[in-house]
Amino acid sequence: GRECGKSVQRNFIMIQSLDYIIIAVYLISILSIGIFYGFGVKEVKDYAIARKKCSTFFLTMTFLASSFGSGAVVGDVAKVATDGIIFTAAISGFLICCLIMSQFIAPYFDSRFNGMLSAGDIMTHFYGTTVGKITALLGLLTSSLYVGGQLTALGHIIGVFLAVGYKTVIILSALIVITYSALGGMRSVAVADVFKFSIIVIMVPLMTITMINQAGGVESLLNAIPSEKLTILDHSKFSEYGLMFLVSLTPFLWMYPPVIQRFLMARHPSQISVMYRVQLIVRVIFMLMIVCVAFSGVAIFPDVPAKDLVPHIVSTILPIGCRGLFIVCVLAASMSTSDSHINAASVLLA
């Protein structure tokens, strides 16, 4: 009986440790990718744009990964749970932006841009050295703030899930991202992004299916949604979200340094068009899943504040193992955005 008790205790500890093992394997894998591909970086073209040798698949995957930050899951779920479907309607302006970019902007990234490595090079070519330097400084500032925001959010989110100190999470995450980004440049960033986005593609649908089942199925979920959460035109924040919709459909809002860098990585304008078409499809599916997770969470946990909804879902509904995968999903979303901005900012600074 004593031996049986010890065996059960050992198994329990192993199960509890499974989430940590999954996270550790993920972080080690990301570092290994950076070190491995770092040996292939010989000059600045390798570091900045991977010598334009990325296939359309790799280019699209790294483009998708860099556009999904940590707030794309946790923050968006909280916003839908708080204000309802109007938030999703507001950010759907980005879908129109994807159409504009694929049809009207992408064809202009032709042979004129060969040899350019950053937005600074583009502005220098068309408007002179002074404008190029200003662009580089603004891009550096933008990317630095973006990385800071991602790491700050990551520190709060992962700290809650793992009961680890806020500063510890930020320092460890920053060291890992900086290490593999610096060692491998865009080669390691692109390969790591494919790996990270694959995790997001697996985990978000898995979480969506789990939540819908917990809510009693699709029909029960639809019946449980409060009518005020489906309001758009009569919503108290209609003007605020209407402005967000108008701003989000303009291409200018999404011209971050990493996005422009991926334009310059493309061998042909058609690759950029494909990137945005795939982005359009993925975004539609992703937004629908976020809505399902948010409304399922509200139906199952009506008394839980919206900002705490995702942590509560992860701690109470997701089984051991899936919790670790979700934390990896958040890590992947944040890191894939941060590494892209770090790479782009370093090129701009150089």
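At what angle do helix α8 and helix α15 pack, and how far apart are their axes? In this predicted model, α8 (residues 129-162) and α15 (residues 322-349) pack at about 160°, with axes 9 Å apart. Angles over 145 degrees count as roughly antiparallel, so α8 is roughly antiparallel to α15. The crossing of α8 past α15 is left-handed. Their contact holds 19 nonpolar and 7 polar residues, with no charged ones.

α4 passes α13 in a right-handed crossing. On the α4 side, the contact uses Asp-76, Val-77, Val-80 and Ala-81. Residues from α13 include Ile-290, Val-293 and Phe-295. By class, this contact has 9 nonpolar residues, 1 charged and no polar.

Next, the pockets.

| Pocket | Volume |
|---|---|
| Largest pocket | about 640 Å³ |
| Second largest pocket | about 420 Å³ |

The largest pocket is lined by 31 residues. Closest to its centre are Ser-67, Gly-69, Tyr-146, Trp-254 and Arg-283. Helix α13 gives the largest share of this lining, 6 residues. Other helices supply at least two residues each, among them α3 (56-67), α4 and α8. The lining divides into 19 nonpolar, 10 polar and 2 charged residues.

The second largest pocket has 15 lining residues. Phe-109, Ile-122, Met-123, Met-255 and Ile-260 are the closest to its centre. Helix α7 (residues 119-127) provides the largest share of that lining, 5 residues. By class, the lining has 13 nonpolar, 1 polar and 1 charged residues.

Note on methods:
Residues numbered from 1 in each chain as written. Predicted model: local features only at pLDDT ≥ 70, side-chain atom pairs only at ≥ 80, totals over all residues. Heavy atoms only, no water. Left-handed = near helix turned anticlockwise from the far one by under 90°. Helix = DSSP H or I, 4+ residues; strand = E, 2+ residues; numbered from the N terminus. Contact = heavy atoms within 4.5 Å. Nonpolar A, V, L, I, M, F, W, Y, C, P; charged D, E, K, R; others polar. Axes fitted to C-alpha atoms, helices over the stretch in contact; angles between N-to-C directions. Parallel < 35°, antiparallel > 145°, perpendicular 65-115°, else oblique. 1 Å grid on protein atoms, 1.4 Å probe; cavity = no way out; pocket = protein on both sides within 12 Å on 5 of 7 lines; lining within 4 Å. Points joined across faces, edges and corners; volume = space filled by probe spheres on them.
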